[in-house]
Amino acid sequence: MLGIFTGLLFQSLESPAATSGAEAVVPGAKTPFIVPADPAAKKALVQQIKDYMALPAAQVQAHPAAVDFPGVAPAGSPRVTRVVTVHGPQNHGPDSAMYAGRKDGWQSTGLYANAGEIVTVTPVGALPAGVTVEVHVGCHTDRLFNDKIDKWKRFPSITRSFALTQQPTPVANAFGGPLFVSVKLAKGATGDGLKLGLRFANAVEAPYFVLGQTSLADWKKIRNAPAPWGELVGRNMILHFPAMQVRTMDDPTPLLQWWDSIVAAEDGLVGWPARVAQERVVPDRQISAGWMHSGYPFMCHLASAPAITDLAKLRTNGDWGFFHELGHNHQSAAWTFSGQTEVTVNFFSLYCMEHIVGKPTGEGHGALNGEKLFKALDRRLASLPSIDPFDQLAPFVVLIRNYGWAPLKQTLVSYQAVPVDRKMPEPQRQAEFVKRYSRNAKADLSGFFKSMGYAVPDALAAELKSLPAFDYAAWRKSPTTIKTAKP
(Lines give C-alpha, C1' and ligand atoms only; values in the text may rest on other atoms or scores of the structure.)
Protein backbone atom coordinates (compact mmCIF):
# COMPACT_ATOMS: atom_id res chain seq x y z
CA MET A 1 0.00 0.00 0.00
CA LEU A 2 2.86 2.39 0.74
CA GLY A 3 4.07 1.92 -2.82
CA ILE A 4 0.74 3.18 -4.12
CA PHE A 5 0.92 6.32 -2.00
CA THR A 6 4.57 6.89 -2.88
CA GLY A 7 3.46 6.88 -6.50
CA LEU A 8 0.77 9.42 -5.68
CA LEU A 9 3.46 11.85 -4.63
CA PHE A 10 4.48 12.25 -8.25
CA GLN A 11 1.01 12.75 -9.68
CA SER A 12 0.03 16.24 -10.69
CA LEU A 13 -2.92 17.44 -8.66
CA GLU A 14 -4.09 19.18 -11.82
CA SER A 15 -4.64 15.92 -13.71
CA PRO A 16 -7.78 13.72 -13.70
CA ALA A 17 -5.73 10.97 -12.09
CA ALA A 18 -5.21 13.19 -9.06
CA THR A 19 -8.53 12.11 -7.60
CA SER A 20 -7.65 8.41 -7.78
CA GLY A 21 -6.00 8.62 -4.36
CA ALA A 22 -9.16 9.98 -2.75
CA GLU A 23 -11.39 7.52 -4.58
CA ALA A 24 -9.19 4.65 -3.40
CA VAL A 25 -9.93 5.52 0.24
CA VAL A 26 -12.95 3.32 0.92
CA PRO A 27 -13.05 2.61 4.67
CA GLY A 28 -15.62 0.53 6.51
CA ALA A 29 -16.49 0.18 10.18
CA LYS A 30 -14.81 -3.24 10.30
CA THR A 31 -12.34 -2.61 7.49
CA PRO A 32 -10.68 0.70 8.35
CA PHE A 33 -8.30 2.40 5.96
CA ILE A 34 -4.76 2.45 7.35
CA VAL A 35 -3.36 5.96 7.14
CA PRO A 36 0.09 6.01 5.50
CA ALA A 37 2.81 6.02 8.15
CA ASP A 38 5.21 7.84 5.86
CA PRO A 39 4.68 11.59 6.48
CA ALA A 40 5.23 12.54 2.84
CA ALA A 41 2.79 9.91 1.60
CA LYS A 42 0.18 11.00 4.12
CA LYS A 43 0.63 14.66 3.22
CA ALA A 44 0.14 13.87 -0.45
CA LEU A 45 -2.98 11.80 0.21
CA VAL A 46 -4.49 14.42 2.53
CA GLN A 47 -3.98 17.10 -0.10
CA GLN A 48 -5.65 14.93 -2.72
CA ILE A 49 -8.59 14.39 -0.38
CA LYS A 50 -8.90 18.12 0.25
CA ASP A 51 -8.77 18.83 -3.49
CA TYR A 52 -11.32 16.10 -4.13
CA MET A 53 -13.69 17.62 -1.57
CA ALA A 54 -13.29 21.05 -3.19
CA LEU A 55 -14.25 20.07 -6.74
CA PRO A 56 -16.85 22.27 -8.44
CA ALA A 57 -20.34 20.89 -8.02
CA ALA A 58 -20.55 19.97 -11.71
CA GLN A 59 -17.57 17.62 -11.32
CA VAL A 60 -18.76 15.87 -8.17
CA GLN A 61 -19.69 12.21 -8.33
CA ALA A 62 -20.74 9.86 -5.56
CA HIS A 63 -17.73 8.44 -3.71
CA PRO A 64 -17.57 4.63 -3.48
CA ALA A 65 -17.65 4.87 0.34
CA ALA A 66 -20.78 7.03 0.52
CA VAL A 67 -23.19 4.10 0.41
CA ASP A 68 -21.54 2.70 3.55
CA PHE A 69 -21.40 6.01 5.45
CA PRO A 70 -23.28 8.27 5.79
CA GLY A 71 -25.52 6.30 3.41
CA VAL A 72 -27.63 7.06 0.35
CA ALA A 73 -31.34 7.26 -0.41
CA PRO A 74 -32.86 4.03 -1.76
CA ALA A 75 -32.96 3.67 -5.53
CA GLY A 76 -36.04 5.23 -7.03
CA SER A 77 -36.56 7.69 -4.14
CA PRO A 78 -38.36 10.82 -5.35
CA ARG A 79 -36.59 14.17 -5.61
CA VAL A 80 -38.43 17.25 -4.44
CA THR A 81 -38.37 21.00 -4.95
CA ARG A 82 -39.07 23.11 -1.86
CA VAL A 83 -38.90 26.74 -0.86
CA VAL A 84 -37.36 27.19 2.58
CA THR A 85 -37.46 30.48 4.50
CA VAL A 86 -34.31 31.47 6.37
CA HIS A 87 -33.75 34.32 8.76
CA GLY A 88 -30.93 36.57 9.94
CA PRO A 89 -27.76 35.27 11.58
CA GLN A 90 -28.29 32.75 14.36
CA ASN A 91 -25.20 32.89 16.54
CA HIS A 92 -24.80 29.85 18.70
CA GLY A 93 -23.94 31.60 21.98
CA PRO A 94 -22.45 34.70 23.61
CA ASP A 95 -18.83 35.78 23.21
CA SER A 96 -18.03 34.54 26.71
CA ALA A 97 -18.33 30.89 25.69
CA MET A 98 -14.88 29.28 25.47
CA TYR A 99 -15.63 26.90 22.64
CA ALA A 100 -18.60 27.30 20.30
CA GLY A 101 -19.24 30.93 21.25
CA ARG A 102 -20.60 33.07 18.46
CA LYS A 103 -20.15 30.44 15.80
CA ASP A 104 -22.78 30.78 13.10
CA GLY A 105 -25.75 28.51 13.71
CA TRP A 106 -27.13 26.35 10.93
CA GLN A 107 -30.72 26.79 9.81
CA SER A 108 -32.27 23.45 8.99
CA THR A 109 -34.17 22.70 5.79
CA GLY A 110 -35.45 19.15 6.32
CA LEU A 111 -33.85 18.26 2.98
CA TYR A 112 -30.99 15.99 2.00
CA ALA A 113 -28.54 16.03 -0.92
CA ASN A 114 -27.96 12.52 -2.16
CA ALA A 115 -24.33 11.54 -2.69
CA GLY A 116 -22.91 12.91 -5.93
CA GLU A 117 -26.12 14.67 -6.99
CA ILE A 118 -26.50 18.38 -7.66
CA VAL A 119 -29.07 20.28 -5.66
CA THR A 120 -29.76 23.70 -7.17
CA VAL A 121 -30.39 26.53 -4.70
CA THR A 122 -31.99 29.73 -5.97
CA PRO A 123 -32.90 32.84 -3.98
CA VAL A 124 -36.54 33.84 -4.27
CA GLY A 125 -36.04 37.53 -4.88
CA ALA A 126 -32.88 39.58 -4.52
CA LEU A 127 -30.25 38.87 -1.89
CA PRO A 128 -30.22 41.89 0.44
CA ALA A 129 -27.10 44.07 0.45
CA GLY A 130 -24.58 43.09 3.08
CA VAL A 131 -25.99 39.56 3.43
CA THR A 132 -23.88 36.47 2.74
CA VAL A 133 -25.58 33.09 2.57
CA GLU A 134 -23.82 29.72 2.70
CA VAL A 135 -25.34 26.33 2.00
CA HIS A 136 -23.80 23.44 3.93
CA VAL A 137 -24.04 19.83 2.81
CA GLY A 138 -23.51 17.34 5.61
CA CYS A 139 -23.61 17.38 9.40
CA HIS A 140 -20.52 15.22 10.11
CA THR A 141 -18.06 18.09 10.36
CA ASP A 142 -15.15 16.30 12.04
CA ARG A 143 -12.08 15.94 9.86
CA LEU A 144 -9.86 13.00 10.75
CA PHE A 145 -6.47 14.30 9.69
CA ASN A 146 -4.78 14.73 13.07
CA ASP A 147 -1.63 12.75 13.76
CA LYS A 148 -3.18 10.67 16.54
CA ILE A 149 -5.57 8.98 14.11
CA ASP A 150 -3.87 6.13 12.24
CA LYS A 151 -7.02 4.42 10.92
CA TRP A 152 -10.03 5.87 9.14
CA LYS A 153 -13.32 4.07 9.72
CA ARG A 154 -15.02 6.51 7.37
CA PHE A 155 -13.73 8.91 4.75
CA PRO A 156 -11.87 11.59 6.72
CA SER A 157 -13.75 14.65 5.40
CA ILE A 158 -17.37 14.46 4.28
CA THR A 159 -18.95 17.92 4.55
CA ARG A 160 -18.94 20.87 2.16
CA SER A 161 -20.09 24.51 2.01
CA PHE A 162 -21.04 26.71 -0.94
CA ALA A 163 -21.50 30.47 -1.13
CA LEU A 164 -24.91 31.29 -2.56
CA THR A 165 -25.11 33.71 -5.48
CA GLN A 166 -28.06 35.60 -6.91
CA GLN A 167 -28.15 33.10 -9.74
CA PRO A 168 -29.11 29.44 -9.26
CA THR A 169 -26.23 27.88 -7.30
CA PRO A 170 -25.38 24.19 -7.74
CA VAL A 171 -24.26 22.43 -4.56
CA ALA A 172 -23.06 18.84 -4.33
CA ASN A 173 -21.14 16.52 -2.03
CA ALA A 174 -19.58 13.20 -2.98
CA PHE A 175 -20.99 11.87 0.32
CA GLY A 176 -24.28 13.74 0.37
CA GLY A 177 -25.76 14.98 3.61
CA PRO A 178 -28.45 17.11 5.25
CA LEU A 179 -28.78 20.61 3.81
CA PHE A 180 -28.33 23.63 6.08
CA VAL A 181 -28.09 27.38 5.61
CA SER A 182 -26.08 29.96 7.51
CA VAL A 183 -26.46 33.71 7.11
CA LYS A 184 -23.77 36.28 7.77
CA LEU A 185 -23.90 40.07 7.72
CA ALA A 186 -21.31 42.56 6.60
CA LYS A 187 -20.15 45.03 9.23
CA GLY A 188 -22.87 47.61 9.80
CA ALA A 189 -25.60 45.55 8.13
CA THR A 190 -28.62 44.50 10.13
CA GLY A 191 -30.48 41.23 9.95
CA ASP A 192 -33.44 42.29 12.05
CA GLY A 193 -36.58 40.91 10.50
CA LEU A 194 -34.68 39.36 7.61
CA LYS A 195 -36.61 36.64 5.79
CA LEU A 196 -35.23 35.09 2.67
CA GLY A 197 -36.82 32.37 0.56
CA LEU A 198 -34.50 29.77 -0.98
CA ARG A 199 -35.69 27.25 -3.56
CA PHE A 200 -34.00 23.83 -3.32
CA ALA A 201 -34.42 21.62 -6.39
CA ASN A 202 -33.53 17.93 -6.73
CA ALA A 203 -33.32 17.28 -3.00
CA VAL A 204 -34.40 14.21 -1.05
CA GLU A 205 -36.89 14.63 1.77
CA ALA A 206 -35.65 13.64 5.23
CA PRO A 207 -37.46 12.51 8.36
CA TYR A 208 -37.86 15.93 9.95
CA PHE A 209 -39.92 17.07 12.93
CA VAL A 210 -40.12 20.61 14.29
CA LEU A 211 -41.54 20.98 17.78
CA GLY A 212 -44.70 23.10 17.74
CA GLN A 213 -44.96 23.06 13.95
CA THR A 214 -45.10 19.49 12.65
CA SER A 215 -48.42 17.77 13.33
CA LEU A 216 -48.43 14.14 14.39
CA ALA A 217 -50.42 13.27 11.29
CA ASP A 218 -47.74 14.84 9.11
CA TRP A 219 -44.96 13.23 11.15
CA LYS A 220 -46.32 9.75 10.54
CA LYS A 221 -45.76 10.39 6.84
CA ILE A 222 -42.52 12.37 7.05
CA ARG A 223 -40.81 9.84 9.33
CA ASN A 224 -40.69 7.44 6.39
CA ALA A 225 -39.00 9.95 4.07
CA PRO A 226 -36.13 8.27 2.19
CA ALA A 227 -33.07 10.28 3.31
CA PRO A 228 -30.65 8.18 5.38
CA TRP A 229 -30.37 10.76 8.19
CA GLY A 230 -33.17 12.41 10.15
CA GLU A 231 -33.51 15.46 12.35
CA LEU A 232 -35.70 16.36 15.31
CA VAL A 233 -35.81 20.09 16.02
CA GLY A 234 -36.64 21.44 19.46
CA ARG A 235 -36.61 25.01 20.69
CA ASN A 236 -33.22 24.63 22.38
CA MET A 237 -31.85 21.38 20.98
CA ILE A 238 -31.64 19.62 17.61
CA LEU A 239 -31.06 15.87 17.42
CA HIS A 240 -29.47 14.14 14.43
CA PHE A 241 -29.27 10.38 13.88
CA PRO A 242 -29.67 7.63 11.31
CA ALA A 243 -33.21 7.87 9.95
CA MET A 244 -34.10 4.30 10.83
CA GLN A 245 -33.81 5.25 14.50
CA VAL A 246 -36.96 7.38 14.36
CA ARG A 247 -39.09 5.72 11.69
CA THR A 248 -41.12 3.97 14.41
CA MET A 249 -41.26 6.94 16.80
CA ASP A 250 -44.89 8.02 17.12
CA ASP A 251 -44.42 11.38 18.82
CA PRO A 252 -41.04 13.12 19.23
CA THR A 253 -42.60 15.87 21.37
CA PRO A 254 -41.79 14.48 24.87
CA LEU A 255 -38.23 13.65 23.82
CA LEU A 256 -37.60 17.14 22.47
CA GLN A 257 -39.19 18.76 25.51
CA TRP A 258 -36.83 16.78 27.75
CA TRP A 259 -33.77 17.81 25.73
CA ASP A 260 -34.98 21.41 25.67
CA SER A 261 -35.18 21.33 29.47
CA ILE A 262 -31.55 20.18 29.68
CA VAL A 263 -30.29 23.02 27.50
CA ALA A 264 -32.51 25.52 29.34
CA ALA A 265 -31.09 24.34 32.67
CA GLU A 266 -27.50 24.75 31.48
CA ASP A 267 -28.27 28.14 29.93
CA GLY A 268 -29.87 29.21 33.19
CA LEU A 269 -26.93 28.09 35.32
CA VAL A 270 -24.73 30.68 33.59
CA GLY A 271 -27.41 33.26 32.81
CA TRP A 272 -27.20 33.11 29.05
CA PRO A 273 -29.55 35.46 27.20
CA ALA A 274 -32.49 34.12 25.22
CA ARG A 275 -31.24 31.46 22.84
CA VAL A 276 -31.12 32.28 19.13
CA ALA A 277 -29.67 29.04 17.75
CA GLN A 278 -30.24 25.58 19.16
CA GLU A 279 -27.50 23.23 20.29
CA ARG A 280 -26.99 20.21 18.04
CA VAL A 281 -25.79 16.67 18.65
CA VAL A 282 -24.52 14.49 15.78
CA PRO A 283 -23.49 10.84 16.09
CA ASP A 284 -20.64 9.80 13.83
CA ARG A 285 -18.86 6.56 13.03
CA GLN A 286 -15.53 8.18 13.93
CA ILE A 287 -14.87 11.54 15.55
CA SER A 288 -11.74 13.64 15.82
CA ALA A 289 -11.14 13.11 19.54
CA GLY A 290 -12.50 11.27 22.56
CA TRP A 291 -15.70 9.35 23.13
CA MET A 292 -17.62 12.60 22.67
CA HIS A 293 -16.50 16.15 22.18
CA SER A 294 -18.01 19.59 22.47
CA GLY A 295 -18.58 22.15 19.75
CA TYR A 296 -21.24 23.04 17.24
CA PRO A 297 -22.49 20.47 16.72
CA PHE A 298 -21.23 18.41 19.64
CA MET A 299 -20.22 14.97 18.48
CA CYS A 300 -20.61 11.43 19.75
CA HIS A 301 -20.03 7.96 18.34
CA LEU A 302 -22.78 6.02 16.62
CA ALA A 303 -22.81 3.68 19.63
CA SER A 304 -24.32 6.57 21.62
CA ALA A 305 -27.00 7.33 19.04
CA PRO A 306 -29.68 5.06 20.60
CA ALA A 307 -29.21 6.85 23.93
CA ILE A 308 -30.22 10.16 22.33
CA THR A 309 -33.79 8.95 21.80
CA ASP A 310 -34.19 6.57 24.78
CA LEU A 311 -36.40 8.90 26.79
CA ALA A 312 -37.23 6.39 29.52
CA LYS A 313 -33.55 5.84 30.28
CA LEU A 314 -32.73 9.53 30.00
CA ARG A 315 -35.44 10.42 32.48
CA THR A 316 -34.29 7.76 34.95
CA ASN A 317 -30.51 7.87 34.61
CA GLY A 318 -29.69 11.00 32.64
CA ASP A 319 -26.51 10.93 30.60
CA TRP A 320 -23.43 12.44 32.20
CA GLY A 321 -21.55 12.49 28.88
CA PHE A 322 -24.23 14.44 27.01
CA PHE A 323 -24.58 16.92 29.88
CA HIS A 324 -20.79 17.22 30.03
CA GLU A 325 -20.31 18.08 26.35
CA LEU A 326 -23.13 20.63 26.46
CA GLY A 327 -21.40 21.99 29.55
CA HIS A 328 -18.19 22.58 27.60
CA ASN A 329 -20.20 24.75 25.22
CA HIS A 330 -21.21 26.88 28.23
CA GLN A 331 -17.81 27.21 29.91
CA SER A 332 -16.12 30.57 30.28
CA ALA A 333 -12.46 31.43 30.82
CA ALA A 334 -13.63 33.99 33.39
CA TRP A 335 -14.18 31.17 35.91
CA THR A 336 -12.36 28.18 34.39
CA PHE A 337 -8.70 28.28 35.32
CA SER A 338 -5.59 26.31 34.37
CA GLY A 339 -6.16 22.59 34.67
CA GLN A 340 -9.91 23.03 35.17
CA THR A 341 -11.32 22.47 31.70
CA GLU A 342 -12.56 19.03 32.77
CA VAL A 343 -13.60 20.31 36.21
CA THR A 344 -15.94 23.29 35.91
CA VAL A 345 -17.65 21.61 32.95
CA ASN A 346 -19.10 19.13 35.41
CA PHE A 347 -21.02 21.86 37.23
CA PHE A 348 -23.47 21.37 34.38
CA SER A 349 -23.57 17.59 34.65
CA LEU A 350 -24.15 17.79 38.40
CA TYR A 351 -26.83 20.43 37.99
CA CYS A 352 -28.78 18.49 35.36
CA MET A 353 -28.41 15.21 37.22
CA GLU A 354 -29.99 16.79 40.30
CA HIS A 355 -32.52 19.25 38.91
CA ILE A 356 -33.72 17.40 35.80
CA VAL A 357 -33.03 13.72 36.54
CA GLY A 358 -33.58 13.88 40.30
CA LYS A 359 -30.30 12.45 41.60
CA PRO A 360 -29.13 13.36 45.12
CA THR A 361 -27.12 16.56 45.38
CA GLY A 362 -23.58 16.04 44.14
CA GLU A 363 -24.22 12.62 42.66
CA GLY A 364 -24.76 11.29 39.18
CA HIS A 365 -21.26 9.99 38.48
CA GLY A 366 -19.70 6.99 40.15
CA ALA A 367 -16.48 8.84 40.91
CA LEU A 368 -18.17 10.98 43.59
CA ASN A 369 -21.15 8.96 44.76
CA GLY A 370 -21.43 8.07 48.44
CA GLU A 371 -18.19 7.57 50.35
CA LYS A 372 -16.14 8.16 47.20
CA LEU A 373 -16.71 11.89 47.70
CA PHE A 374 -14.76 11.88 50.94
CA LYS A 375 -11.88 9.90 49.46
CA ALA A 376 -11.74 12.40 46.62
CA LEU A 377 -11.69 15.27 49.12
CA ASP A 378 -8.80 13.68 51.01
CA ARG A 379 -6.80 13.42 47.81
CA ARG A 380 -7.62 16.94 46.71
CA LEU A 381 -6.89 18.62 50.04
CA ALA A 382 -3.73 16.61 50.77
CA SER A 383 -0.34 18.31 51.15
CA LEU A 384 0.36 17.20 47.59
CA PRO A 385 -3.07 17.94 46.09
CA SER A 386 -4.52 15.71 43.42
CA ILE A 387 -5.31 17.34 40.09
CA ASP A 388 -7.67 14.58 38.97
CA PRO A 389 -10.76 16.31 37.54
CA PHE A 390 -13.21 14.59 39.89
CA ASP A 391 -10.96 15.19 42.88
CA GLN A 392 -10.92 18.87 41.92
CA LEU A 393 -14.70 18.82 41.59
CA ALA A 394 -15.20 17.32 45.05
CA PRO A 395 -14.72 20.58 47.04
CA PHE A 396 -17.37 22.25 44.90
CA VAL A 397 -19.73 19.42 45.79
CA VAL A 398 -19.09 20.27 49.45
CA LEU A 399 -20.01 23.92 48.87
CA ILE A 400 -23.10 22.98 46.87
CA ARG A 401 -24.25 20.58 49.57
CA ASN A 402 -23.63 23.12 52.31
CA TYR A 403 -24.92 26.32 50.66
CA GLY A 404 -27.12 25.00 47.89
CA TRP A 405 -26.82 25.78 44.21
CA ALA A 406 -27.92 29.42 44.48
CA PRO A 407 -24.51 30.97 45.37
CA LEU A 408 -22.67 29.18 42.56
CA LYS A 409 -25.42 29.97 40.09
CA GLN A 410 -25.49 33.64 41.12
CA THR A 411 -21.72 33.76 40.76
CA LEU A 412 -21.67 32.30 37.26
CA VAL A 413 -24.60 34.47 36.16
CA SER A 414 -22.87 37.59 37.47
CA TYR A 415 -20.26 37.38 34.73
CA GLN A 416 -22.92 38.11 32.12
CA ALA A 417 -23.76 41.48 33.70
CA VAL A 418 -20.29 42.27 35.07
CA PRO A 419 -17.70 40.54 32.89
CA VAL A 420 -14.00 40.54 33.66
CA ASP A 421 -11.36 41.76 31.26
CA ARG A 422 -10.24 38.88 29.06
CA LYS A 423 -6.62 39.98 29.61
CA MET A 424 -6.92 39.90 33.40
CA PRO A 425 -4.15 37.66 34.83
CA GLU A 426 -5.36 34.33 36.17
CA PRO A 427 -4.54 35.01 39.86
CA GLN A 428 -6.77 38.09 39.70
CA ARG A 429 -9.54 36.13 38.00
CA GLN A 430 -9.30 33.48 40.70
CA ALA A 431 -9.52 36.09 43.43
CA GLU A 432 -12.53 37.67 41.72
CA PHE A 433 -14.26 34.29 41.58
CA VAL A 434 -13.59 33.66 45.29
CA LYS A 435 -14.91 37.11 46.13
CA ARG A 436 -18.11 36.70 44.13
CA TYR A 437 -18.78 33.18 45.41
CA SER A 438 -18.20 34.25 49.01
CA ARG A 439 -20.49 37.26 48.70
CA ASN A 440 -23.24 35.14 47.18
CA ALA A 441 -22.83 32.40 49.79
CA LYS A 442 -22.74 35.08 52.54
CA ALA A 443 -19.71 33.24 53.90
CA ASP A 444 -15.95 33.66 53.91
CA LEU A 445 -14.78 30.93 51.54
CA SER A 446 -11.27 32.33 51.13
CA GLY A 447 -9.58 29.76 53.35
CA PHE A 448 -11.30 26.84 51.64
CA PHE A 449 -10.37 28.09 48.17
CA LYS A 450 -6.83 28.84 49.32
CA SER A 451 -6.52 25.19 50.38
CA MET A 452 -7.40 24.30 46.79
CA GLY A 453 -4.60 26.49 45.43
CA TYR A 454 -6.64 29.53 44.43
CA ALA A 455 -5.01 32.95 44.65
CA VAL A 456 -6.37 34.76 47.71
CA PRO A 457 -4.57 38.09 48.27
CA ASP A 458 -4.30 39.39 51.83
CA ALA A 459 -6.55 42.31 50.93
CA LEU A 460 -9.33 39.95 49.81
CA ALA A 461 -8.94 37.78 52.91
CA ALA A 462 -9.28 40.89 55.05
CA GLU A 463 -12.32 42.06 53.07
CA LEU A 464 -14.14 38.77 53.58
CA LYS A 465 -13.43 38.52 57.31
CA SER A 466 -16.73 40.24 58.08
CA LEU A 467 -18.51 37.10 56.81
CA PRO A 468 -18.77 33.88 58.82
CA ALA A 469 -15.97 31.57 57.73
CA PHE A 470 -16.79 28.21 56.19
CA ASP A 471 -15.59 25.49 58.58
CA TYR A 472 -14.73 22.49 56.42
CA ALA A 473 -13.61 20.39 59.39
CA ALA A 474 -16.98 20.89 61.10
CA TRP A 475 -18.85 20.07 57.89
CA ARG A 476 -16.78 16.94 57.46
CA LYS A 477 -17.82 15.71 60.91
CA SER A 478 -21.48 16.32 60.15
CA PRO A 479 -22.05 16.65 56.38
CA THR A 480 -25.24 18.51 55.59
CA THR A 481 -27.08 19.01 52.32
CA ILE A 482 -29.35 21.93 51.47
CA LYS A 483 -31.97 20.88 48.96
CA THR A 484 -32.73 23.44 46.29
CA ALA A 485 -35.81 23.64 44.11
CA LYS A 486 -35.83 22.67 40.49
CA PRO A 487 -35.29 25.57 38.06
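**Helix packing and nonpolar cores in the predicted model**

In this predicted model, helix α8 meets helix α10 through Trp-320, Phe-323, His-324, Gly-327 and His-330, which face Asn-346, Phe-348, Ser-349, Leu-350, Cys-352, Met-353 and Val-357 of α10. Sorted by class, this contact comprises seven nonpolar and five polar residues, with no charged residue. Helix α8 spans residues 320-330 and α10 spans residues 346-357; their axes lie 7 Å apart, at an angle of about 125°. The two helices are therefore oblique to each other, and α8 passes α10 in a right-handed crossing.

Helix α10 also packs with α5. The axes of α5 and α10 come within 10 Å and cross at roughly 125°, which makes α5 oblique to α10. This crossing, too, is right-handed. On the α5 side the contact is formed by Trp-258, Ser-261, Ile-262, Ala-265, Glu-266, Leu-269 and Val-270, and on the α10 side by Phe-347, Phe-348, Tyr-351, Cys-352 and Ile-356. By class, the contact of α5 with α10 contains 10 nonpolar residues, one polar and one charged.

The largest nonpolar core consists of 83 residues, and Leu-232, Leu-239, Trp-259, Phe-433, Tyr-437 and Phe-449 have the most contacts inside it. Helix α5, residues 253-270, gives the most to this core, with nine residues. Apart from this core lies another, of 54 residues, including Ala-73, Ile-158, Ala-172 and Val-204. When residues up to four places away in sequence are not counted, Tyr-437 touches Phe-396, Leu-399, Ile-400, Pro-407, Leu-408, Thr-411, Leu-445 and Phe-449.

How values were computed:
Residues are numbered from 1 along each chain as its sequence is written. This is a predicted model: local features need pLDDT of at least 70, side-chain atom pairs count only at pLDDT 80 or more; totals for chains, interfaces and linings use all residues. Side-chain values use heavy atoms; hydrogens and water are left out. Axes are lines fitted to C-alpha atoms, for helices over the stretch in contact, and angles run from 0 to 180 degrees between N-to-C directions. Helices (H or I, at least four residues) and strands (E, at least two) are DSSP runs, numbered from the N terminus. Angles under 35 degrees count as roughly parallel, over 145 as roughly antiparallel, 65 to 115 as roughly perpendicular and the rest as oblique. A crossing is left-handed if the near helix is turned anticlockwise from the far one by less than a right angle, and right-handed if clockwise. Contact means heavy atoms within 4.5 Å. Ala, Val, Leu, Ile, Met, Phe, Trp, Tyr, Cys and Pro count as nonpolar, Asp, Glu, Lys and Arg as charged, and the others, Gly among them, as polar. A nonpolar core is a set of buried Ala, Val, Leu, Ile, Met, Phe, Trp, Tyr and Cys residues joined through side-chain atoms within 4.5 Å. Buried means under 20% relative accessible area, exposed over 50%, partly exposed in between (1.4 Å probe, protein chains only).
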